[in-house]
Amino acid sequence: HYQLDITRAALVSGAMLAPYLEAFNTDLFLSANEEDVQEAINAGVAAGIIYTQHLTYNEIKEIDQIRIAFDGDAVLFSDESERIYAENGLEAFNQSEMTSKDQPLNGGPFKPFLAALHEIQSEFPAADSPIRTALITARGAPAHERVIRTLRSWGIRIDEALFLGGKDKGAFLKSFGADIFFDDQMRHCDSAAEYVAKI
């Protein structure tokens, strides 16, 4: 119906798909089935649960540009900094990020997907790209510097970066016009629920 160039499929009679994801060279696995998503994560593939309870057929709209927003820590980046925050608090987190500002963060589970989006975006002039990306993170100054340096070292384009310093993400996702939002924390997904498809 949508003229998509789909040439591959895996019909597995209810068995797990995870064993095939690496063979298909999968960058992102999405499903409404939580068990399938967990199996994909266990197989080392970026994966997310699609929450559709707030989306009705009448709300689905034709779009010229898909807008994809990502959280930072434990999503685009590894959880190394997030663990410092969880174990030692905000002051220790900020100190660690200032000390490590010149050391790029390790990639998280969605870095390969962002890299694949970057490749697609690179085929278009910035103003005409069918994809627009955003980093929408609870980080604030001074922890933002390491993130910017990390993205530069990766050579990956991110169109917008919003450092919220702990503010609620929902209103910012609405302002960005996000079609899809990836976050590892349910409270941020709940905040986004009325504005964007949650994954």
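## A first look at this predicted model

Asn25 is exposed, because its relative accessible area is 63% (exposed means over 50%, buried under 20% and partly exposed in between, with a 1.4 Å probe and protein chains only). This is a predicted model, in which local features need pLDDT of at least 70 and side-chain atom pairs count only at pLDDT 80 or more, while totals for chains, interfaces and linings use all residues. Residues are numbered from 1 along each chain as its sequence is written, and side-chain values use heavy atoms, leaving out hydrogens and water.

**Backbone points to look at**

- Asn25 sits in the loop between H1 and strand S1 (29-31); helices (H or I, at least four residues) and strands (E, at least two) are DSSP runs, numbered from the N terminus.
- The phi of Asn25 is near 55 degrees, a positive value in a residue other than glycine.
- Ala74 is not a glycine either, yet has a positive phi of about 70 degrees, and its place is the loop between S3 and helix H3 (80-88).
- From Ala141 to Pro142 the peptide bond is cis, with omega near 5 degrees.
- For background, most residues other than glycine have a negative phi, and most peptide bonds are trans.

**Asn94 and its surroundings**

- Asn94 belongs to helix H4 (residues 90-99) and counts as buried because its relative accessibility is 17%.
- Leaving aside neighbours within four places in sequence, Asn94 is in contact with Pro142 and Ala143 (contact means heavy atoms within 4.5 Å).
- Pro142, from the cis peptide bond, is found in the loop between S4 and helix H6 (144-154).
- Val37 and Asn94 are 57 residues apart in sequence, and their C-alpha atoms are 32 Å apart in space.

**The buried side of helix H5**

- Helix H5 spans residues 111-121, and its buried residues are Phe113, Leu114, Leu117, His118 and Gln121.
- These residues lie on the same side of H5, because they cover an arc of only 145 degrees around the axis (the arc of the directions from the helix axis to the C-beta atoms).
- The buried residues of H5 pack against strand S3 (66-70), strand S4 (131-137) and strand S6 (180-182).

- Tyr2, Leu4 and Ile6 make a nonpolar surface patch of about 420 Å².
- Accessible areas come from the Shrake-Rupley method with a 1.4 Å probe, and for residues only the protein chains shown count as cover.
- Ile6 lies in the segment before helix H1 (18-21) and counts as exposed, at 64% relative accessibility.

Note on methods:
Patches are made of residues with over 30% relative accessible area and no salt bridge: like charges are joined within 9 Å, nonpolar side chains (Val, Leu, Ile, Met, Phe, Trp, Tyr) within 5 Å. A salt bridge is a side-chain nitrogen of Lys or Arg within 4 Å of a carboxyl oxygen of Asp or Glu.
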